[in-house]
Amino acid sequence: MPDEPRASDYKSDVKPIWCPGCGDYAVLAALMRAFAHLRLAKENITVASGIGCSSRFPTFLDTYGIHGIHGRVLPLATGIKLGRPETTVIAVGGDGDGFSIGGGHIPHAARRNVDLTYIVMDNNIYGMTKGQPSPTSPEGIVNKAAPYGAQEGPLNPILLALSYDVSFVARCYSGKIKELTDVLIEALKHPGFSLIQVLSPCVTYYNTYDHYREITQPLPSSHDPTDRLAAIALALQTETQYLGIFYRDSSRPSYGERFDAVRAKAPQTTLAAIFEGLKR
Amino acid sequence: MAKQLLKGNVAFAEAAVRFGLQAYFGYPITPQSEALEHLSGRMLREARVFLQAESEVAAINMVYGAACCGVRVMTSTSGPGFSLMAEGLSYIAGSEIPVVVVNMMRGGPGLGNIQPSQADYFFMTKSAGHGDFHPIVLAPASVQEIIDMMGLAFELAEKYRTLVLIAGDGSLGQMMESAELPPMQPLPALRPNWAVTGADGREPNVITSLYLVAEHLEEVNLRLQAKLADIRQHEVRFVEAQTADAELLLVAYGTSGRICTSVMRQARQKGIKVGLLRPQTLWPFPAQRIGELCEQVRGILVVEMSAGQMLEDVDHAAGGRVPIRFHGRMGGMIPMVDDVLADLQALATSLGLAP
Ligand SMILES: Cc1ncc(C[n+]2csc(CCOP(=O)(O)OP(=O)(O)O)c2C)c(N)n1
Ligand code: SF4
Ligand SMILES: [Mg+2]
């Protein structure tokens with residue numbers, strides 16, 4: 001077996017322009033480590049993104065990549081996976097991109113169970129547009145577009161993913177890069193749709209490192225990730241933000257498998273037969 | 001009211017409040033977010049409605065809903081967000097309700113960049129959604145004019161029960177300029193009689209864009225077209241400068257129009273007799289006046305921050321009577337006075353008008 005590739009092999013020559021200390025650096029590093037660990041060939045990886053600071057991601061990788069449309073990374077990645085089923089497709093984006101403007105796409109990616117790894121870098125804020133509240137900002141957050149406090153409560157991404165029946169659901173923290181890498185490896189191996197919420201602080205507009213250091217802890221070692229109800233109960237505990245794999249169901253066929261099965265039922269025809277049909 | 005130094009985005013937002021804006025729904029996007037940020041505090045202090053929506057699709061539908069209730073309402077955005085609003089704009093036009101939308105155009109297509117552009121001209125004037133309609137499109141060229149046009153936008157929207165778009169560009173939104181805001185105006189005392197306000201004691205008002213019977217929809221289309229004809233006849237606005245003796249004509253709007261004012265001044269100093277027509281309404285377009293000027297001038301130079309979109313309307317208005325040249329910059333680039341002047345001089349020389 002050839003030597004394991006190095007994480008840096010996956011790095012492009014574009015230097016990330018995130019602010020020093022931005023949580024997204026750790027996500028990039030962890031994903032490259034996961035690629036190396038799994039010995040993925042660069043030319044078999046596509047990283048798609050939406051729009052936001054986090055969505056600058058594909059540029060920094062020497063894999064195939066596409067910087068898409070704000071909120072549309074899941075349909076984009078679905079198209080890529082159906083167009084090139086043999087590639088590993090990773091979708092990345094922010095909390096605004098994924099849970100606000102793009103929120104409507106998550107249940108459908110879940111229903112299809114397309115074989116995608118979706119990494120949401122959740123900084124609880126709109127970083128790129130300079131600090132307006134996002135759908136995971138805490139209620140009452142005071143910032144530029146909420147001078148008297150945001151009136152909406154935050155949504156709970158893990159709970160949502162579990163209720164949409166996403167087949168692999170995990171939460172990580174960019175302050176814990178080793179654990180993040182391990183989860184990404186499992187997610188990349190998962191044969192279906194995986195959603196990983198990475199708590200990834202924005203040091204410039206909403207620095208939550210101290211807060212997350214305090215309230216995060218690993219999922220109880222007794223947790224059985226095939227037990228969806230137990231996962232839901234743990235997701236409901238928001239004062240403690242549990243880290244790790246909440247839920248995984250590896251037995252569920254992916255969209256590709258189901259599609260092949262359904263297509264096999266359709267009467268097969270040839271191009272020649274179609275032309276013959278047109279003559280009549 | 002005294003003049004003060006104001007940023008374009010803050011100026012139009014504050015002007016809207018003073019002209020009686022009752023509800024604002026929007027989604028952050030550069031180079032327009034300062035408007036949303038200004039209104040996030042300002043509207044609450046006035047006990048009015050502000051909401052940051054989950055997307056531009058949501059924002060325009062919230063606007064649609066509030067407008068149906070007879071509330072003075074608006075949103076603001078830039079290119080990619082404006083694209084997402086197109087579906088709602090078409091329904092709003094079909095439902096004939098007054099709505100104001102500001103689009104601070106940025107470089108495109110696609111994500112493009114956040115630099116100024118005028119490349120949404122076709123989209124805004126001719127095809128802001130499916131179906132047969134035109135919004136009124138206003139084109140300010142200074143911070144003062146954005147302020148004044150905010151008032152005009154609400155007035156026209158309500159007078160005609162129509163969609164009014166303000167075609168700004170990134171540089172107008174971002175620039176700081178001395179300007180005067182209007183005094184605070186009282187909110188409308190009554191809701192309009194067509195609005196959905198609760199039908200207790202009267203016939204219900206129905207607001208819809210759905211007409212399943214072809215004959216009925218055609219009647220509605222004809223009524224809409226009659227209204228548009230009325231607007232075309234009465235609401236054309238433009239600024240004309242030094243056209244009395246002009247042999248050449250510059251046609252440009254917004255930021256390009258400002259640049260052409262400088263071009264005109266310098267050309268005049270060189271002895272080139274040039275005038276300027278700056279459309280303030282892009283729809284309805286001042287085609288008639290351009291046509292009249294074609295009887296007098298020998299050539300036209302159109303300047304835009306696009307590949308030449310308004311150019312088609314100028315071309316149509318001129319009807320082949322005089323040669324038309326074009327100077328355009330794209331991708332967020334702004335035309336330079338010297339470059340436009342050089343093209344103008346070349347046009348003058350080609351027509352034998354060089355001094
Ligand atoms: C249709 C559309 N609307 C708005 C924007 C402006 N915009 C760019 S990124 C962004 C939000 C970014 O927030 P998030 O997804 O949380 O990413 P972050 O920057 O925090 O990583 C917005 C609103 C856009 N690009 N396209
Ligand atoms: S603004 Fe925030 S999210 Fe964006 S790069 Fe800087 S720290 Fe990261
Ligand atoms: Mg974010």
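## Reading a strand, a ligand site and a domain contact

S7(A), helix H6 (residues 177-189) of chain A and S8(A) form a right-handed β-α-β unit.

Me: Before we start, how do I read these labels?

Reply: This is a predicted model, where local features need pLDDT of at least 70, side-chain atom pairs count only at pLDDT 80 or more, and totals for chains, interfaces and linings use all residues. Residues are numbered from 1 along each chain as its sequence is written, while chains are lettered from A and ligands numbered from 1 in the order in which they are written. Helices (H or I, at least four residues) and strands (E, at least two) are DSSP runs, numbered from the N terminus.

Me: And what does right-handed mean?

Reply: Point the strands away from you: the path from the first strand over the helix to the second runs clockwise.

Me: Which strands does S7(A) have bridges to?

Reply: Two strands pair if DSSP finds at least two bridges between them. S7(A) has six bridges to strand S8 (residues 194-199) of chain A, running parallel, and four to strand S10 (residues 241-248) of chain A, running antiparallel. Ala170(A) has Ile196(A) as its bridge partner in S8(A), and Phe168(A) sits opposite Arg248(A) in S10(A).

Me: Is S7(A) enclosed or open?

Reply: Count neighbours: a residue is buried if 20 or more other C-beta atoms, placed from the backbone, lie within 10 Å of its own, exposed if 12 or fewer, and partly exposed in between. Six of the six residues of S7(A) (residues 168-173) are buried, so the strand is largely enclosed by the rest of the structure.

Me: What about its two faces?

Reply: In a regular strand, side chains alternate between the two faces of the sheet. Here Phe168(A), Ala170(A) and Cys172(A) are buried on one side, and Val169(A), Arg171(A) and Tyr173(A) are buried on the other.

Me: Where does ligand 1 lie?

Reply: Between chains A and B. A residue is near a molecule if its C-beta atom, placed from the backbone, lies within 6 Å of it. Ligand 1 is surrounded by 25 residues, and the closest are Gly52(A), Gly94(A), Gly96(A), Asp97(A) and Gly127(A). Among the elements that each supply at least two shell residues are strand S3 (88-94) of chain A and helix H4 (79-95) of chain B.

Me: How is chain B divided into domains?

Reply: Such bounds come from an automatic or database domain assignment. For chain B it gives domain 1 (3-234) and domain 2 (238-350), with C-alpha centres 28 Å apart.
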